[in-house]
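This report concerns the sequence and model displayed below.

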Amino acid sequence: MVFQSRTLAAVGFALAAALPLAAHAGTQSFDVHARENSVAIFSGDATPLNTGITVAVGDLLIVSATGLWDGGGCGAVDANGTSCFGNEPLTGINYFSLIGKIGANASFDNTWFKLGTSYAGSAATSGTLYLAYLDNDSFNNSGFVTATV
C-alpha cells in the first residue's frame, strides 16, 4: 500500500511538473462570500470576485475550497453546492456551488464552470480568473468559503 501511495504521488507530481501553471505561481487564498460574490443572476446586486490571476490556455488550474455558505432555504452547504433547487439551466451546475470563469469580464454566461471543493484542470481559454457563488439573488445569502488557487 505504501508503494502505491508513493507511486501515485510521484505520478501526480510528474503531471503537475509537466503542465504550465497560471501566472502568479504559488498559492493564493480568497474568501468568496455568498452574498457579496454571488453571480446574482436575476437581482444583479452582487459582484463575482476578481482574483487578479491571469490564466493562459493550457495552464494547470488547481482550486480547493473549505467553509460553508447558505443561500436561504436549503441550509448551510460546502462549495459543492446542493441539488435542493436543482441545476442552473444555462450552465447545468447545481446551485450554491463555487464556480469559476476565465475571461475578460465576470458577466454571467455558459463559460462559468464548477470548482466545488476540489478542482484540477487545464484552462480552455485565457484571461482573468473570477470566482463566485452560484445563485439567482444575494439578499438572503450568508457565509463564505476560502478558495485556494
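## Cysteine pair

In this predicted model, C74 is partly exposed, its relative accessible area being 22%. C84 is likewise partly exposed, at a relative accessible area of 41%. Both values lie between the limits of 20% and 50% that separate buried from exposed residues.

A disulfide connects C74 with C84, with an S to S distance of 1.9 Å. The loop between β3 and β4 (98-103) contains C74 and also C84, so the bond ties together parts that are 10 residues apart in sequence. The link of C74 and C84 is left-handed, with -80° about the S-S bond. The count of disulfides comes to 1.

## Sheet architecture

Four strands form an open sheet in the order β1-β8-β3-β6, and their pairing is antiparallel.

T66 has T146 of β8 as its bridge partner.

## Model confidence

The average pLDDT of the protein is 86, and 83% of the residues score at least 70. Residues 1-24 have a pLDDT below 50; this stretch makes 19 contacts in the model beyond near neighbours in sequence. Where pLDDT is low, predicted coordinates should not be read in detail.

Notes
Residues are numbered from 1 along each chain as its sequence is written. This is a predicted model: local features need pLDDT of at least 70, side-chain atom pairs count only at pLDDT 80 or more; totals for chains, interfaces and linings use all residues. Side-chain values use heavy atoms; hydrogens and water are left out. Two strands pair if DSSP finds at least two bridges between them. Helices (H or I, at least four residues) and strands (E, at least two) are DSSP runs, numbered from the N terminus. pLDDT is the predictor's confidence in each residue, from 0 to 100. Contact means heavy atoms within 4.5 Å. A disulfide is a pair of cysteine sulfur atoms within 2.5 Å. Buried means under 20% relative accessible area, exposed over 50%, partly exposed in between (1.4 Å probe, protein chains only).
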